[in-house]
Amino acid sequence: MNYRFSTFDDVSELSSAICMGKGYRRAKSNYFFRAESFFNVASKAEDYRDNTPKELYYERYGGKALHEQSHGESFLAYFQSFDQEGLYIMDEPEAALSPQRQLTLFIQIAKMAEKGSQFIIASHSPILLGIPGADIISFDDGAMRRCSYEETESYRVTEMFINNRQRLTERLLEEGK
């Protein structure tokens with residue numbers, strides 16, 4: 001499916017920081033996946049539904065129209081409809097997903113990467129940051145640098161909270177008074 005439409009020209013600084021070039025192998029699929037614009041994508045999928053056999057459309061998205069699902073369910077169902085090797089740029093795909101659904105997305109991304117897909121993902125999710133074989137690039141303090149999973153702020157904050165929840169909660173709530 002080829003989704004090409006614009007609802008709001010919101011130009012990200014990312015566009016001036018990335019230089020794409022053609023190689024000998026062209027990706028069969030590519031997609032820029034952004035949580036903030038997903039409602040518009042789901043609406044466009046509804047527009048395209050008229051030109052797709054009903055059973056194929058519903059099968060593609062887990063048996064229901066995207067707008068008939070919760071935000072997280074539709075977000076995940078839409079991404080799971082991708083099955084071709086490609087380049088996927090994703091901006092905080094965890095935003096609509098529970099931790100359990102993040103694990104489902106984790107599996108989908110790992111399987112697609114195994115088959116040759118490439119992903120560029122901006123994420124704060126300690127679950128998605130843990131995908132095996134990922135190169136994690138930190139942009140902290142205005143500089144780009146590779147870091148390990150355990151060095152990420154997302155991992156450290158999550159670990160600190162899980163291992164010291166009671167003490168941390170008391171301290172945070174006391175400071176807020």
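Trainee: Which residues form one aromatic cluster here?

Mentor: A pair of aromatic rings is described by the distance of the centres and the angle of the planes. Rings of Phe, Tyr and Trp (its six-membered ring) pair if their centres lie within 6.5 Å; planes under 30 degrees apart are stacked, over 60 edge-to-face, and the rest tilted. In this structure, Y78, F79, F82, Y88 and F119 make up one aromatic cluster. This is a predicted model, so local features need pLDDT of at least 70 and side-chain atom pairs pLDDT 80 or more, while totals for chains, interfaces and linings use all residues. Residues are numbered from 1 along each chain as its sequence is written, and side-chain values use heavy atoms, leaving out hydrogens and water.

Trainee: How many aromatic pairs does the structure hold, and what is the geometry of F79 and Y88?

Mentor: There are 7 aromatic pairs in the structure. F79 and Y88 pair edge-to-face, at 6.0 Å centre to centre with 80° between the planes. Both F79 and Y88 are buried; buried means under 20% relative accessible area, exposed over 50%, and partly exposed in between (1.4 Å probe, protein chains only).

Trainee: Which residues have the most contacts inside the largest nonpolar core?

Mentor: In soluble globular proteins, nonpolar side chains tend to be buried together. A nonpolar core is a set of buried Ala, Val, Leu, Ile, Met, Phe, Trp, Tyr and Cys residues joined through side-chain atoms within 4.5 Å. Here the largest one has 22 residues, and L66, F79 and L105 have the most contacts inside it. Two or more residues each come from helix 2 (38–49), helix 4 (71–80), strand 2 (86–91) and helix 5 (99–114). Helix 4 gives the most, with 5 residues. Helices (H or I, at least four residues) and strands (E, at least two) are DSSP runs, numbered from the N terminus.

Trainee: Why is strand 2 largely enclosed, and in which sense does strand 2 pair with strand 3?

Mentor: Strand 2 is largely enclosed by the rest of the structure because 5 of its 6 residues are buried. Strands pair if DSSP finds at least two bridges between them. Strand 2 and strand 3 (residues 118–122) pair in the parallel sense, over 5 bridges. One place to look is D91, whose bridge partner in strand 3 is A122.

Trainee: What is the phi of E92, and where is E92?

Mentor: Most residues other than glycine have a negative phi, and most peptide bonds are trans. E92 has a positive phi of about 50° although it is not a glycine. You will find E92 in the loop between strand 2 and helix 5, partly exposed at 26% relative accessible area. D141 also has a positive phi, of about 60°, and is not a glycine. D141 lies in the loop between strand 4 and strand 5 (145–147) and is exposed, at 82% relative accessibility.

Trainee: How many salt bridges does the structure hold?

Mentor: A salt bridge is a side-chain nitrogen of Lys or Arg within 4 Å of a carboxyl oxygen of Asp or Glu. The structure holds 2 of them. In one, R146 meets D135, with the closest N and O atoms 3.3 Å apart. This pair links distant parts of the chain: R146 is in strand 5 and D135 in the loop between strand 3 and strand 4, 11 residues apart. R171 forms a salt bridge with E175, where the closest N and O atoms are 3.3 Å apart. Both R171 and E175 lie in helix 7 (residues 165–175), 4 residues apart, about one turn of the helix.
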